[in-house]
Amino acid sequence: MPVEITWWGHATCTVEDSGIRVLTDPLFARRLAHLRRRRGAPPPARAALADVVLVSHLHADHLHVPSLARLAPGTRVLVPRGAVRAVPTLRRLRTLKITEVEPGARIRVGDLAIEAVPAEHDGRRLPVGRHRSPALGFVVNGESRTYFAGDTGLFDGMADAVGEVDVALLPVGGWGPYLGPHHLDAARAAEALARIAPRSAVPVHYGTYWPIGMDAVRPHEFHTPGEEFVRQAALRAPKVAVYRLAHGESVRPEAAR
């Protein structure tokens, strides 16, 4: 059966491969601090069903402890090295199997092999974050090879670090009117696509959360990154099939080609 990708919004996706459900950066909240969910209903209860969860870095919109608390007891959660020290509230999630990993680590989950790969991003727990932890991407190896980039900028050796993949889940925006350093916008994500050269891609990390009271500030940064990524990808990586999903929508990339 081809891999199936479901985008729940922001960086939260379910990757189903080889009978295993992989959940990325779960964020199920309607509101997070100054951010509110502006598009797409919060994910349904079934979104929290996973065999393994991948957490790319320690920012609260990627490592969200209340969302992790909704996981079933016994769920395995892969987090960056140093996460438990930097985010002490993780210790309260005693029913979860939390494993700290760093780039190069390979973890087996059923018939899947999951590899942690580098990302170019400040992975600290903000606003303090005394203990640094690496930001990660992950490659899920099963019937397909799926790359979840987490949050990253372009970096030298990106293609070599990721290797050959079938599907890439790439961030193309953010949650505010301005992207800081070490992020991908639509154009840089298309350049990453050209470097990695997967067979298919799904844009993520855009068009979901936005700061309260800032709806009129650079609204194109909320509304347009997905469409712009499709346009830029057609120019820079025309052989890659791009699937721009609505919130809660699924695709089997190989079946859809």
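**View 1. Residue L169 has V202 as its opposite number in β14.** Strand β13 (residues 167-171) and strand β14 (residues 200-204) run parallel and are joined by five bridges. Helix α4 packs on the sheet, where it touches β12 (145-148), β13, β14 and β16, and its direction makes about 155° with that of β13. Contact here means heavy atoms within 4.5 Å. Helices (H or I, at least four residues) and strands (E, at least two) are DSSP runs, numbered from the N terminus. The model is predicted, so local features need pLDDT of at least 70 and side-chain atom pairs pLDDT 80 or more, while totals for chains, interfaces and linings use all residues. Residues are numbered from 1 along each chain as its sequence is written, and side-chain values use heavy atoms, leaving out hydrogens and water.

**View 2. Seven strands make up an open sheet with mixed pairing.** Their order is β9-β10-β11-β12-β13-β14-β16. Two strands pair if DSSP finds at least two bridges between them. The edges of this sheet are formed by β9 and β16 (241-242), each of which pairs on one side only. Between β13 and β14, the pairing is parallel.

**View 3. Strands β9 and β10 form a hairpin with two residues between them.** The turn contains G110, which has a positive phi of about 60°. Four bridges connect β9 to strand β10 (residues 112-118), and the two strands pair in the antiparallel sense. Which residues of β9 lie on the covered face, and which on the uncovered one? I107 and V109 belong to the covered face, whereas R106 and R108 belong to the uncovered face.

**View 4. Helices α4 and α6 come within 8 Å of each other, axis to axis.** Their axes cross at roughly 40°, and the two helices are therefore oblique to each other. An axis is a line fitted to the C-alpha atoms of the stretch in contact, with angles from 0 to 180 degrees between N-to-C directions. Oblique angles are those left over when under 35 degrees counts as roughly parallel, over 145 as roughly antiparallel and 65 to 115 as roughly perpendicular. On the α4 side, the contact is made by A186, A187, A189, A190, E191, L193 and A194. On the α6 side, P225, E228, F229, Q232, A233 and R236 take part.

**View 5. A salt bridge joins E191 to R236.** The closest N and O atoms of this pair are 3.9 Å apart; a salt bridge is a side-chain nitrogen of Lys or Arg within 4 Å of a carboxyl oxygen of Asp or Glu. The pair links distant parts of the chain, with E191 in helix α4 (residues 186-196) and R236 in helix α6 (residues 225-236), 45 residues apart. E191 is partly exposed, its relative accessible area being 26%, and R236 is also partly exposed, at 38%. Buried means under 20% relative accessible area, exposed over 50%, and partly exposed in between (1.4 Å probe, protein chains only).

**View 6. E102 and R81 form another of the salt bridges, of which the structure holds 13.** The closest N and O atoms lie 2.8 Å apart. E102 sits in the loop between β8 (97-101) and β9 (106-109), and R81 in the loop between β7 (76-80) and α2 (83-86); the two residues are 21 residues apart. Are these side chains buried or partly exposed? E102 is partly exposed at 37% relative accessibility, and R81 is partly exposed at 39%.

**View 7. R36, R38 and D215 are linked in a network of salt bridges.** The side chains of D215 and R38 meet at 3.8 Å, N to O. This pair connects distant parts of the chain, 177 residues apart: D215 in the loop between β15 (209-211) and α5 (220-223), and R38 in the loop between β5 (35-37) and β6 (52-54). D215 is partly exposed at 30%, and R38 is partly exposed at 29%. R36 has W210 as its bridge partner in β15.

**View 8. Three strands form an open sheet in the order β4-β5-β15.** The pairing is antiparallel, and three bridges join β5 to β15. The edge strands are β4 (31-32) and β15, each pairing on one side only. In the loop between β5 and β6 lies A41, which counts as exposed at 60% relative accessibility. A41 and F28 are 13 residues apart in sequence, and their C-alpha atoms are 9.4 Å apart in space.
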